[in-house]
Amino acid sequence: MNKTICLLPGDGIGPEILAQGVACIKAVIERFNCAIDFSEALIGGAAIDAGGDPLPRKTIDACLAADAVYLGAVGGPKWDGLPMDKRPEKGLLGIRKALDLFANLRPATLWPELAKACLLRPDIAARGLDLVVVRELTGDIYFGQPRGIEERDGVRTGFNTMIYDENEIERIAKIAFDLAMTRRKIVCSIDKSNVLEASRLWREKVIEVARRYPEVRLTHMYVDNAAMQLVRDPSQFDVILTGNIFGDILSDESAAITGSLGMLPSASLGEKNPGLFEPIHGSAPDIAGQDKANPLATIISGAMLLETGLKMPAEAAAILKAVSETLKAGYRTADIMEDGKKLVGCREMGAEVVKRIKQA
Ligand code: IPM
Ligand code: MG
(Lines give C-alpha, C1' and ligand atoms only; values in the text may rest on other atoms or scores of the structure.)
(Ligands and ions follow the chains in the order given, each with its own letter.)
Protein backbone atom coordinates (compact mmCIF):
# COMPACT_ATOMS: atom_id res chain seq x y z
CA MET A 1 0.00 0.00 0.00
CA ASN A 2 1.24 3.48 -0.80
CA LYS A 3 2.13 5.88 1.99
CA THR A 4 -0.24 8.84 2.37
CA ILE A 5 0.57 12.48 3.13
CA CYS A 6 -2.31 14.55 4.50
CA LEU A 7 -2.09 18.15 3.26
CA LEU A 8 -3.32 21.02 5.45
CA PRO A 9 -2.82 24.18 3.36
CA GLY A 10 -4.41 26.52 5.94
CA ASP A 11 -4.48 30.30 5.50
CA GLY A 12 -2.62 33.27 4.07
CA ILE A 13 0.42 32.14 2.08
CA GLY A 14 -0.19 28.55 3.32
CA PRO A 15 -1.82 27.23 0.12
CA GLU A 16 0.80 28.86 -2.18
CA ILE A 17 3.84 27.58 -0.36
CA LEU A 18 2.39 24.13 0.23
CA ALA A 19 1.63 23.78 -3.49
CA GLN A 20 5.35 24.24 -4.20
CA GLY A 21 6.30 21.78 -1.46
CA VAL A 22 3.96 19.19 -2.94
CA ALA A 23 5.33 19.82 -6.44
CA CYS A 24 8.82 19.02 -5.13
CA ILE A 25 7.66 15.83 -3.42
CA LYS A 26 5.88 14.77 -6.61
CA ALA A 27 9.03 15.47 -8.62
CA VAL A 28 11.18 13.41 -6.28
CA ILE A 29 8.81 10.43 -6.22
CA GLU A 30 8.68 10.50 -10.01
CA ARG A 31 12.45 10.53 -10.16
CA PHE A 32 12.84 7.69 -7.68
CA ASN A 33 9.97 5.83 -9.27
CA CYS A 34 7.94 5.37 -6.11
CA ALA A 35 4.38 6.35 -5.24
CA ILE A 36 2.78 8.44 -2.52
CA ASP A 37 -0.92 9.25 -2.10
CA PHE A 38 -2.14 12.66 -0.97
CA SER A 39 -5.23 13.56 1.03
CA GLU A 40 -6.28 17.08 1.99
CA ALA A 41 -8.20 18.62 4.88
CA LEU A 42 -9.20 22.01 6.27
CA ILE A 43 -7.57 23.70 9.24
CA GLY A 44 -7.46 27.19 10.78
CA GLY A 45 -9.30 30.10 9.21
CA ALA A 46 -10.15 28.07 6.10
CA ALA A 47 -11.95 25.54 8.32
CA ILE A 48 -13.68 28.30 10.28
CA ASP A 49 -15.00 29.82 7.04
CA ALA A 50 -16.24 26.44 5.85
CA GLY A 51 -17.92 25.25 9.05
CA GLY A 52 -17.14 27.44 12.04
CA ASP A 53 -14.57 25.11 13.61
CA PRO A 54 -10.78 25.62 13.25
CA LEU A 55 -10.18 21.87 13.66
CA PRO A 56 -13.06 19.74 12.37
CA ARG A 57 -13.18 16.08 13.47
CA LYS A 58 -12.82 15.13 9.79
CA THR A 59 -9.42 16.83 9.73
CA ILE A 60 -8.17 14.94 12.78
CA ASP A 61 -9.35 11.66 11.22
CA ALA A 62 -7.66 12.46 7.90
CA CYS A 63 -4.39 13.17 9.75
CA LEU A 64 -4.64 9.98 11.80
CA ALA A 65 -5.23 7.96 8.64
CA ALA A 66 -2.09 9.36 6.97
CA ASP A 67 1.60 8.52 7.42
CA ALA A 68 2.63 12.17 7.69
CA VAL A 69 0.96 15.57 7.79
CA TYR A 70 2.23 18.50 5.70
CA LEU A 71 0.99 21.93 6.78
CA GLY A 72 1.25 25.42 5.25
CA ALA A 73 0.32 28.02 7.89
CA VAL A 74 -2.71 29.21 9.83
CA GLY A 75 -4.16 32.54 10.95
CA GLY A 76 -4.81 36.04 9.69
CA PRO A 77 -6.42 39.37 10.64
CA LYS A 78 -9.78 38.22 9.25
CA TRP A 79 -10.27 35.96 12.28
CA ASP A 80 -8.63 38.19 14.92
CA GLY A 81 -11.90 39.21 16.53
CA LEU A 82 -13.01 35.65 17.29
CA PRO A 83 -13.00 34.26 20.84
CA MET A 84 -9.85 32.37 21.86
CA ASP A 85 -11.20 28.85 21.29
CA LYS A 86 -12.49 29.70 17.81
CA ARG A 87 -9.32 31.27 16.45
CA PRO A 88 -7.33 29.65 13.62
CA GLU A 89 -4.38 29.06 16.01
CA LYS A 90 -6.63 26.69 17.96
CA GLY A 91 -6.59 24.46 14.89
CA LEU A 92 -2.82 24.17 14.98
CA LEU A 93 -2.60 23.77 18.76
CA GLY A 94 -5.47 21.29 18.59
CA ILE A 95 -3.92 19.06 15.94
CA ARG A 96 -0.61 18.98 17.86
CA LYS A 97 -2.51 17.87 20.96
CA ALA A 98 -4.84 15.46 19.13
CA LEU A 99 -1.87 13.65 17.54
CA ASP A 100 0.16 13.92 20.78
CA LEU A 101 3.02 15.59 18.90
CA PHE A 102 4.99 16.54 21.95
CA ALA A 103 8.39 17.03 20.32
CA ASN A 104 8.98 19.99 18.05
CA LEU A 105 12.33 19.98 16.25
CA ARG A 106 13.39 23.30 14.80
CA PRO A 107 16.83 23.25 13.19
CA ALA A 108 18.52 26.58 12.53
CA THR A 109 21.51 26.59 10.19
CA LEU A 110 23.23 29.07 7.95
CA TRP A 111 22.89 28.24 4.29
CA PRO A 112 26.34 29.10 2.91
CA GLU A 113 24.68 30.58 -0.19
CA LEU A 114 22.82 33.04 2.07
CA ALA A 115 25.72 34.00 4.33
CA LYS A 116 25.17 37.69 3.58
CA ALA A 117 21.60 37.55 4.90
CA CYS A 118 22.80 36.54 8.38
CA LEU A 119 22.02 39.23 10.95
CA LEU A 120 25.08 38.49 13.07
CA ARG A 121 28.40 40.31 12.94
CA PRO A 122 30.62 38.52 10.38
CA ASP A 123 33.16 37.47 13.04
CA ILE A 124 30.35 35.86 15.08
CA ALA A 125 28.75 34.22 12.04
CA ALA A 126 32.15 32.86 11.04
CA ARG A 127 32.12 30.66 14.15
CA GLY A 128 29.11 28.85 12.66
CA LEU A 129 25.49 28.31 13.55
CA ASP A 130 24.09 24.81 13.47
CA LEU A 131 21.62 24.11 16.23
CA VAL A 132 18.29 22.42 16.80
CA VAL A 133 15.68 23.73 19.19
CA VAL A 134 13.86 20.77 20.76
CA ARG A 135 10.69 22.40 22.01
CA GLU A 136 8.11 20.58 24.11
CA LEU A 137 4.85 21.12 22.25
CA THR A 138 1.81 19.79 24.10
CA GLY A 139 2.23 21.12 27.64
CA ASP A 140 3.25 24.24 29.56
CA ILE A 141 1.31 27.50 29.76
CA TYR A 142 -0.12 26.78 26.30
CA PHE A 143 -2.40 24.06 27.64
CA GLY A 144 -2.23 24.42 31.46
CA GLN A 145 -5.44 24.72 33.48
CA PRO A 146 -6.86 26.84 34.96
CA ARG A 147 -6.88 29.57 32.36
CA GLY A 148 -9.29 32.33 31.55
CA ILE A 149 -10.36 35.92 31.92
CA GLU A 150 -12.66 36.67 34.83
CA GLU A 151 -13.63 39.42 37.18
CA ARG A 152 -11.85 39.35 40.50
CA ASP A 153 -12.96 41.95 43.04
CA GLY A 154 -14.42 44.02 40.25
CA VAL A 155 -11.20 43.92 38.18
CA ARG A 156 -10.96 41.96 34.91
CA THR A 157 -8.14 39.48 35.33
CA GLY A 158 -6.45 37.19 32.82
CA PHE A 159 -4.61 34.08 33.99
CA ASN A 160 -2.79 31.01 32.69
CA THR A 161 -0.96 28.14 34.32
CA MET A 162 2.59 27.04 33.58
CA ILE A 163 2.62 23.33 34.34
CA TYR A 164 4.81 20.29 33.58
CA ASP A 165 4.73 16.84 35.10
CA GLU A 166 7.84 14.70 35.31
CA ASN A 167 6.71 12.28 32.60
CA GLU A 168 6.28 15.10 30.11
CA ILE A 169 9.73 16.41 30.96
CA GLU A 170 11.34 13.00 30.74
CA ARG A 171 9.98 12.14 27.29
CA ILE A 172 11.04 15.42 25.69
CA ALA A 173 14.46 15.27 27.40
CA LYS A 174 15.03 11.82 25.93
CA ILE A 175 14.31 13.17 22.44
CA ALA A 176 16.89 15.90 22.94
CA PHE A 177 19.59 13.56 24.25
CA ASP A 178 18.97 10.98 21.52
CA LEU A 179 19.26 13.75 18.95
CA ALA A 180 22.45 15.08 20.55
CA MET A 181 23.98 11.60 20.25
CA THR A 182 23.64 11.92 16.45
CA ARG A 183 25.20 15.40 16.51
CA ARG A 184 27.89 17.19 18.54
CA LYS A 185 26.68 15.65 21.84
CA ILE A 186 25.87 18.88 23.66
CA VAL A 187 22.50 19.64 25.25
CA CYS A 188 21.69 23.03 26.73
CA SER A 189 18.48 22.90 28.77
CA ILE A 190 16.76 26.25 29.06
CA ASP A 191 14.47 27.18 31.93
CA LYS A 192 13.71 29.89 34.48
CA SER A 193 14.38 27.78 37.55
CA ASN A 194 15.52 30.81 39.57
CA VAL A 195 11.89 31.95 39.59
CA LEU A 196 9.47 29.21 38.49
CA GLU A 197 8.65 25.90 40.20
CA ALA A 198 7.71 24.28 36.87
CA SER A 199 11.25 25.09 35.73
CA ARG A 200 12.78 23.73 38.91
CA LEU A 201 11.23 20.35 38.33
CA TRP A 202 12.23 20.62 34.68
CA ARG A 203 15.88 21.05 35.63
CA GLU A 204 15.85 18.23 38.19
CA LYS A 205 14.30 15.81 35.74
CA VAL A 206 16.61 16.76 32.87
CA ILE A 207 19.63 16.12 35.12
CA GLU A 208 18.20 12.70 35.95
CA VAL A 209 17.69 11.78 32.28
CA ALA A 210 21.19 13.02 31.46
CA ARG A 211 22.70 10.29 33.68
CA ARG A 212 21.62 7.79 31.03
CA TYR A 213 23.68 9.66 28.41
CA PRO A 214 27.20 9.89 29.86
CA GLU A 215 28.66 10.94 26.50
CA VAL A 216 26.45 14.02 26.24
CA ARG A 217 27.56 17.26 27.88
CA LEU A 218 24.60 18.91 29.60
CA THR A 219 24.51 22.59 30.48
CA HIS A 220 21.67 24.75 31.83
CA MET A 221 20.79 28.32 31.05
CA TYR A 222 18.11 30.71 32.21
CA VAL A 223 15.92 31.76 29.33
CA ASP A 224 16.86 35.45 29.49
CA ASN A 225 20.54 34.59 29.30
CA ALA A 226 19.85 32.13 26.47
CA ALA A 227 18.13 34.86 24.44
CA MET A 228 21.28 36.94 24.86
CA GLN A 229 23.75 34.11 24.18
CA LEU A 230 21.95 33.25 20.94
CA VAL A 231 22.96 36.58 19.44
CA ARG A 232 26.30 36.82 21.25
CA ASP A 233 27.63 33.41 20.19
CA PRO A 234 25.19 30.86 18.76
CA SER A 235 28.08 28.52 17.88
CA GLN A 236 28.07 27.32 21.52
CA PHE A 237 24.71 25.57 20.98
CA ASP A 238 24.10 22.14 19.52
CA VAL A 239 20.76 20.91 20.92
CA ILE A 240 18.62 23.38 22.85
CA LEU A 241 16.08 21.59 25.04
CA THR A 242 13.22 23.69 26.35
CA GLY A 243 9.51 23.97 27.13
CA ASN A 244 6.68 25.16 24.95
CA ILE A 245 6.63 28.92 25.59
CA PHE A 246 10.40 29.44 25.86
CA GLY A 247 10.82 27.26 22.77
CA ASP A 248 8.30 29.32 20.83
CA ILE A 249 10.28 32.48 21.51
CA LEU A 250 13.80 31.09 21.18
CA SER A 251 13.05 29.23 17.96
CA ASP A 252 11.91 32.45 16.29
CA GLU A 253 15.07 34.12 17.55
CA SER A 254 17.32 31.28 16.30
CA ALA A 255 15.63 31.43 12.93
CA ALA A 256 15.77 35.20 12.64
CA ILE A 257 19.50 35.43 13.30
CA THR A 258 20.15 33.20 10.28
CA GLY A 259 18.61 36.11 8.38
CA SER A 260 16.09 33.99 6.55
CA LEU A 261 12.96 33.01 8.44
CA GLY A 262 11.70 31.87 5.07
CA MET A 263 14.25 29.04 4.98
CA LEU A 264 13.62 27.16 8.21
CA PRO A 265 11.63 23.93 8.51
CA SER A 266 10.17 22.09 11.47
CA ALA A 267 8.97 18.65 12.50
CA SER A 268 6.49 17.89 15.27
CA LEU A 269 6.71 14.29 16.38
CA GLY A 270 5.01 11.95 18.82
CA GLU A 271 5.44 8.35 19.81
CA LYS A 272 2.91 6.67 17.58
CA ASN A 273 0.88 9.05 15.41
CA PRO A 274 2.05 10.55 12.11
CA GLY A 275 4.39 13.52 12.43
CA LEU A 276 3.50 17.02 11.25
CA PHE A 277 5.89 19.02 9.09
CA GLU A 278 5.61 22.76 8.49
CA PRO A 279 7.72 25.87 7.93
CA ILE A 280 8.41 27.74 11.15
CA HIS A 281 7.14 31.05 9.76
CA GLY A 282 3.50 32.11 9.82
CA SER A 283 0.79 32.82 7.27
CA ALA A 284 2.12 36.28 6.23
CA PRO A 285 -1.32 37.73 5.37
CA ASP A 286 0.29 40.94 4.04
CA ILE A 287 1.72 39.12 1.03
CA ALA A 288 -0.82 36.30 0.67
CA GLY A 289 -2.04 35.58 -2.85
CA GLN A 290 0.61 37.80 -4.44
CA ASP A 291 3.09 35.08 -5.42
CA LYS A 292 5.79 36.75 -3.29
CA ALA A 293 6.28 34.21 -0.48
CA ASN A 294 9.42 32.14 -0.11
CA PRO A 295 8.39 28.47 -0.50
CA LEU A 296 11.80 27.10 0.53
CA ALA A 297 11.04 26.58 4.25
CA THR A 298 8.04 24.51 3.19
CA ILE A 299 10.04 22.63 0.56
CA ILE A 300 12.74 21.89 3.14
CA SER A 301 10.03 20.80 5.61
CA GLY A 302 8.95 18.39 2.85
CA ALA A 303 12.47 16.96 2.88
CA MET A 304 12.20 16.51 6.66
CA LEU A 305 8.84 14.82 6.12
CA LEU A 306 10.38 12.35 3.69
CA GLU A 307 13.42 11.68 5.86
CA THR A 308 11.85 11.50 9.32
CA GLY A 309 8.18 10.86 8.60
CA LEU A 310 8.37 8.39 5.71
CA LYS A 311 11.95 7.11 6.16
CA MET A 312 12.98 8.07 2.62
CA PRO A 313 16.42 9.65 3.18
CA ALA A 314 17.62 9.50 -0.43
CA GLU A 315 14.51 11.30 -1.65
CA ALA A 316 14.91 13.90 1.11
CA ALA A 317 18.55 14.49 0.19
CA ALA A 318 17.58 15.02 -3.46
CA ILE A 319 15.25 17.85 -2.46
CA LEU A 320 17.88 19.54 -0.28
CA LYS A 321 20.46 19.28 -3.03
CA ALA A 322 18.08 20.88 -5.52
CA VAL A 323 17.38 23.73 -3.06
CA SER A 324 21.06 24.37 -2.62
CA GLU A 325 21.64 24.35 -6.40
CA THR A 326 18.75 26.73 -6.97
CA LEU A 327 20.28 29.16 -4.47
CA LYS A 328 23.71 28.73 -6.06
CA ALA A 329 22.17 29.55 -9.43
CA GLY A 330 21.17 32.90 -7.91
CA TYR A 331 17.39 32.59 -7.54
CA ARG A 332 16.00 34.58 -4.60
CA THR A 333 12.57 35.49 -3.31
CA ALA A 334 12.18 39.03 -1.93
CA ASP A 335 12.91 38.06 1.69
CA ILE A 336 16.42 36.78 0.84
CA MET A 337 17.17 39.06 -2.11
CA GLU A 338 20.64 40.63 -2.52
CA ASP A 339 22.22 42.72 -5.27
CA GLY A 340 23.10 40.85 -8.41
CA LYS A 341 20.67 37.94 -7.80
CA LYS A 342 17.53 36.98 -9.70
CA LEU A 343 14.32 38.01 -7.95
CA VAL A 344 11.58 35.41 -8.39
CA GLY A 345 8.15 34.74 -6.95
CA CYS A 346 6.86 31.75 -5.06
CA ARG A 347 5.84 29.73 -8.12
CA GLU A 348 9.03 30.34 -10.05
CA MET A 349 11.19 29.46 -7.05
CA GLY A 350 9.28 26.19 -6.68
CA ALA A 351 9.59 25.48 -10.39
CA GLU A 352 13.38 26.05 -10.29
CA VAL A 353 13.72 23.51 -7.48
CA VAL A 354 11.46 21.02 -9.27
CA LYS A 355 13.54 21.41 -12.43
CA ARG A 356 16.73 20.57 -10.52
CA ILE A 357 15.16 17.58 -8.77
CA LYS A 358 14.20 16.17 -12.16
CA GLN A 359 17.54 16.98 -13.83
CA ALA A 360 19.68 15.05 -11.37
C1 IPM B 1 4.64 28.40 16.27
C2 IPM B 1 3.54 29.42 16.28
C3 IPM B 1 2.36 28.85 17.04
C4 IPM B 1 2.82 28.60 18.47
C5 IPM B 1 1.10 29.72 16.99
C6 IPM B 1 0.67 30.03 15.57
C7 IPM B 1 -0.04 29.10 17.75
O8 IPM B 1 3.99 30.62 16.81
O9 IPM B 1 4.41 27.29 15.73
O10 IPM B 1 5.72 28.70 16.78
O11 IPM B 1 2.79 29.50 19.29
O12 IPM B 1 3.21 27.46 18.75
MG1 MG C 1 6.09 30.67 17.18
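Around ligand 1 sit Glu-89, Arg-96, Arg-106, Arg-135, Tyr-142 and Asp-248, where a residue counts as near a molecule or strand if one of its heavy atoms lies within 4 Å of it. The model behind this picture is predicted, with local features needing pLDDT of at least 70, side-chain atom pairs counting only at pLDDT 80 or more, and totals for chains, interfaces and linings using all residues. Residues are numbered from 1 along each chain as its sequence is written, chains are lettered from A and ligands numbered from 1 in the order in which they are written, and side-chain values use heavy atoms, with hydrogens and water left out.

Some of these neighbours make polar contacts with the ligand (a polar contact is a pair of N or O atoms within 3.5 Å; within protein, one must be able to donate a hydrogen and the other to accept it, and residues adjacent in sequence count only if both atoms are side-chain atoms). An oxygen atom of ligand 1 lies 2.5 Å from an N or O atom in the side chain of Tyr-142. For the side chain of Arg-96, the distance from a ligand 1 oxygen to an N or O atom is 2.7 Å, and for that of Asp-248 it is 2.9 Å.

Next comes Asn-244, a residue of helix 9 (residues 244–257). Helices (H or I, at least four residues) and strands (E, at least two) are DSSP runs, numbered from the N terminus. With 0% relative accessibility, Asn-244 counts as buried; buried means under 20% relative accessible area, exposed over 50%, and partly exposed in between (1.4 Å probe, protein chains only). Leaving out residues up to four places away in sequence, Asn-244 touches a set of residues that includes Arg-135, Tyr-142, Phe-143 and Tyr-164, contact being heavy atoms within 4.5 Å. Gly-243 lies in the loop between strand 10 and helix 9 and is buried too, at a relative accessible area of 5%. With residues up to four places away in sequence again left out, Gly-243 touches Arg-135, Glu-136, Asp-140, Tyr-164 and Trp-202. Gly-243 and Asn-160 are 83 residues apart in sequence, and their C-alpha atoms are 15 Å apart in space.

Then there are the rings. Rings of Phe, Tyr and Trp (its six-membered ring) pair if their centres lie within 6.5 Å; planes under 30 degrees apart count as stacked, over 60 as edge-to-face and the rest as tilted. By this rule there are two aromatic pairs. Tyr-164 and Trp-202 make a tilted one, at 5.2 Å centre to centre and 55° between the planes. Tyr-164 is in the loop between strand 7 (155–159) and helix 6, while Trp-202 is in helix 7, so this pair ties together parts that are 38 residues apart in sequence. Tyr-164 and Trp-202 are both buried. Phe-177 and Tyr-213 have ring centres 5.1 Å apart and planes at 20°, so they are stacked. This pair links distant parts of the chain, with Phe-177 in helix 6 and Tyr-213, 36 residues apart from it, in the loop between helix 7 and strand 9. Both Phe-177 and Tyr-213 are buried.

Rings also meet charges: a charge sits over a ring if NZ of Lys or CZ of Arg is within 6 Å of the ring centre and within 35 degrees of the ring normal. Lys-97 lies over the face of Phe-143, 4.6 Å from the ring centre, and the charged end of Lys-342 sits over the ring of Tyr-331 at 4.5 Å from its centre.

Helix 6 (residues 166–181) has 16 residues and reaches 22 Å from first C-alpha to last, close to the 22 Å expected; the expected span of a helix is 1.5 Å times one less than its number of residues. Asp-165 caps its N-terminal end, with a side-chain oxygen 2.9 Å from the backbone nitrogen of Asn-167. The buried residues of helix 6 include Ile-169, Ile-172, Ala-176 and Leu-179, and among the elements covering them are strand 4 (103–109), strand 5 (130–136) and helix 7 (197–210).

Helix 10 (residues 296–309) is largely enclosed by the rest of the structure, because 11 of its 14 residues are buried. Just after helix 10, Lys-311 takes a positive phi of about 55°. Pro-265, in strand 11 (residues 265–269), is buried at a relative accessible area of 6%. Pro-265 and Ser-301 are 36 residues apart in sequence but 4.6 Å apart in space, C-alpha to C-alpha.
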